[in-house]
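Good morning, colleagues. Please have the sequence and the model open as I speak.

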Amino acid sequence: MTVGGRRALVFGGSGQVGAAVLERLLQAGWTVDATSREVRPERPGIRWLRGGFEAMPALAGGYDAILSCGPLDHYARWQSTAGVAAPRMVAFGSTSLAVKRDSAEAAERELAERLATAEAALFAAARARGGEAIVLRPTLVYGAGRDQSLSRIAAMARRWRVFPLPRGAVGLRQPVHVDDLADTAMAALAARDAGGRGYDLPGGETLAYREMVARVLAALDPPARLLELPAPLFSALAAALRAGGRLQGFGAGAQARLRQDLVFDIAPAAAALGYAPRPFRPDAAMFGPR
Ligand SMILES: NC(=O)c1ccc[n+]([C@@H]2O[C@H](COP(=O)([O-])OP(=O)(O)OC[C@H]3O[C@@H](n4cnc5c(N)ncnc54)[C@H](OP(=O)(O)O)[C@@H]3O)[C@@H](O)[C@H]2O)c1
């Protein structure tokens, strides 16, 4: 790598994880070409290129690293076909690869399959170009108020002052803060002998789903109440709210998972990337504007 004048190409830099990665690259003195399908405001150190994987803008090449913080399957397909070379590629994937492999819902099984195929394609594409790829697989992301899980729950709870869950939502979770992910992407850029594989990135605390939601509700100002309902009643309520356009998600697959432990081993990422995520200590600011 060119010390002092390192250049990165970043996909997904406008997203919740990507924005945190961009800040760290700039702080570390990198010069960044970042793509977006929208027009983005110029900033010193970042050149925004308008486009995406379907319509790639002209790229300068000669990058020291490529970081993908957008959809892994799109990035892997582009990297395998048209992609540019770089000695290090760091791409975010998802633990959905393992979690949804045996889901009851076909769309979820297809997502898991797409992620697995994409990882294999990316490792092969990197090798073919003499580079190394690392895939980082977060669990449930929170912290920037832009996620579609806990921030969405917080938004509904702020409106309703209460949030319903079915009884028995005791499956274990490991929510991971967006800043821990961005720090790890930076560590992955510099890591030695860590390439050619994926790393699960769980959060630093393992807790039951109901406890995770209870902490979010308690952090709100004013706090909201957790309302635990018999599972069939919750199921009927969720279906009614979805039909009325007042709830997204919480389909059959997601409801079944509330009782399942989704637990990942921190050790490989800790050993290879120095990964040491924070425990889950939410505050209201982590869940977006009121
Ligand atoms: N959120 C989670 O809980 C979670 C959990 C596990 C894994 N992950 C993974 O972590 C990574 C970052 O997630 P995130 O939550 O930060 O994502 P996000 O906020 O939804 O941002 C997605 C980014 O991807 C870009 N993008 C989307 N479609 C694109 C396309 N067709 N071509 C080019 N760019 C495209 C968007 O850029 P523009 O709109 O500017 O073009 C946006 O910046 C993703 O790989 C995601 O799968 C997220």
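This is a predicted model: local features need pLDDT of at least 70, side-chain atom pairs count only at pLDDT 80 or more; totals for chains, interfaces and linings use all residues.

E23 and R43 form a salt bridge, and their closest N and O atoms are 2.7 Å apart. In total, the structure holds 15 salt bridges.

Let me turn to the ligand. The ligand sits in the largest pocket. There are 21 residues around the ligand, and those that come nearest are S14, Q16, S36, R37 and G70. How does the shell around the ligand divide into nonpolar, polar and charged residues? Seven of the shell residues are nonpolar, eleven are polar and three are charged.

Several distances deserve mention. For S36, a polar side-chain atom lies 2.5 Å from an oxygen atom of the ligand. For G70, a polar atom of the backbone is 2.7 Å from a ligand oxygen. For R40, an N or O atom in the side chain is 3.0 Å from an oxygen atom of the ligand. On its own, the ligand has 890 Å² of accessible area, of which the protein covers 78%.

I close with two points of backbone geometry. In general, most residues other than glycine have a negative phi, and most peptide bonds are trans. R161, however, is not a glycine and has a positive phi of about 70°. R161 is found in the loop between α5 (150–160) and β8 (162–166). P222 is located in the loop between α7 (209–219) and β13 (225–229). Thank you for your attention.

Technical notes. Residues are numbered from 1 along each chain as its sequence is written. Side-chain values use heavy atoms; hydrogens and water are left out. A residue is near a molecule or strand if one of its heavy atoms lies within 4 Å of it. A polar contact is a pair of N or O atoms within 3.5 Å; within protein, one must be able to donate a hydrogen and the other to accept it, and residues adjacent in sequence count only if both atoms are side-chain atoms. Accessible areas come from the Shrake-Rupley method with a 1.4 Å probe; for residues, only the protein chains shown count as cover. On a 1 Å grid over the protein atoms alone, a cavity is a set of points where a 1.4 Å probe fits but cannot get out, and a pocket is an open set with protein on both sides within 12 Å along at least five of seven lines; lining residues have an atom within 4 Å of a point. A molecule sits in a cavity or pocket if more than half of its atoms lie within 2 Å of its grid points. Ala, Val, Leu, Ile, Met, Phe, Trp, Tyr, Cys and Pro count as nonpolar, Asp, Glu, Lys and Arg as charged, and the others, Gly among them, as polar. A salt bridge is a side-chain nitrogen of Lys or Arg within 4 Å of a carboxyl oxygen of Asp or Glu. Helices (H or I, at least four residues) and strands (E, at least two) are DSSP runs, numbered from the N terminus.
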